Amino acid sequence: MSNMIPPRPSLETGPHSLGAAAERIRHRWGWIVAFGAFSAILGIVALVLTETATIASVLLIGIFMVMAGFAEVAIGMRTRTWGRMFLWEAAGIIYILAGIVAILLPEVAAGVITLLLGAGLFATGLLRIYIGFKMTGSASRGAVILAGTVTLLLGVLILAGWPNNSVLVLGTFLGIDLLFYGLTWMIFGYRIGHRRSL
């Protein structure tokens, strides 16, 4: 009796493939391009109005933190053991308080988030450089070291300008992210609308 191994599903063919999904939304390519253009415009606005974008992003983070905190409190109230309930409740209350601080004092919250971001980039850059130097004989060694160096320098720039740059960093990151996010959707929409196959 022979063992039959089922074929591995492909991303290119089949009813659930990426190509089939793109084919189903091909007639809406214009809306996809429009959505991408709108996101890119929002990114440009965020880059121009970085302080406003920073405050808006901190307020949004604060709102999500409050919502997550209430969800944790609700989960904690449904637990059956006192120890777990205490941990869920404590975590939820901390989230709620941190979210309220972010909403009421967005400049302070922006400073804390910027500091954490700079420290995170600095540590990530060091780790990437270390990994790159350990990749002896690898073709991508130089690229990993370069990426780590760029990340490290970005972290140093953020930390060197802190806290004066707190109202600019988050808005700049948000603007760049929205800009490239929008451009990606525009390219994707154009491709599925003007090509016979992806």
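What is the handedness of the crossing of H5 and H7? The crossing of H5 and H7 is left-handed, a term used where the near helix is turned anticlockwise from the far one by less than a right angle, with right-handed used if clockwise. This is a predicted model, in which local features need pLDDT of at least 70 and side-chain atom pairs count only at pLDDT 80 or more, while totals for chains, interfaces and linings use all residues. Residues are numbered from 1 along each chain as its sequence is written, and side-chain values use heavy atoms, with hydrogens and water left out.

**Helix H5 against helix H7**

- The axes of H5 and H7 come within 8 Å and cross at roughly 65 degrees, where axes are lines fitted to C-alpha atoms, for helices over the stretch in contact, and angles run from 0 to 180 degrees between N-to-C directions.
- H5 and H7 therefore count as roughly perpendicular to each other, given that 65 to 115 degrees is roughly perpendicular, under 35 roughly parallel, over 145 roughly antiparallel and the rest oblique.
- On the H5 side Ala110, Gly111, Ile113, Thr114, Leu117 and Leu121 meet Ser166, Val169, Leu170 and Phe173 of H7, contact being heavy atoms within 4.5 Å.
- The residues of this contact of H5 with H7 divide into 7 nonpolar, 3 polar and no charged, where Ala, Val, Leu, Ile, Met, Phe, Trp, Tyr, Cys and Pro count as nonpolar, Asp, Glu, Lys and Arg as charged, and the others, Gly among them, as polar.

**Two residues of H5**

- Thr114 lies in helix H5, residues 106-134, helices being DSSP runs (H or I, at least four residues) and strands likewise (E, at least two), numbered from the N terminus.
- Thr114 counts as buried because its relative accessibility is 0%, the classes being buried under 20% relative accessible area, exposed over 50% and partly exposed in between (1.4 Å probe, protein chains only).
- Leaving aside residues up to four places away in sequence, Thr114 touches Ile158, Trp162, Asn165, Ser166, Val169 and Leu170.
- Val108, also found in helix H5, is partly exposed, with a relative accessible area of 49%, and its C-alpha atom is separated by 8.7 Å from that of Ser166, 58 residues apart along the chain.

**Helix H3 against helix H7**

- The axes of helix H3 (residues 50-77) and helix H7 (residues 166-194) come within 7 Å and cross at roughly 80 degrees, so H3 and H7 are roughly perpendicular to each other.
- The residues of the contact of H3 with H7 divide into 6 nonpolar, 6 polar and 1 charged.
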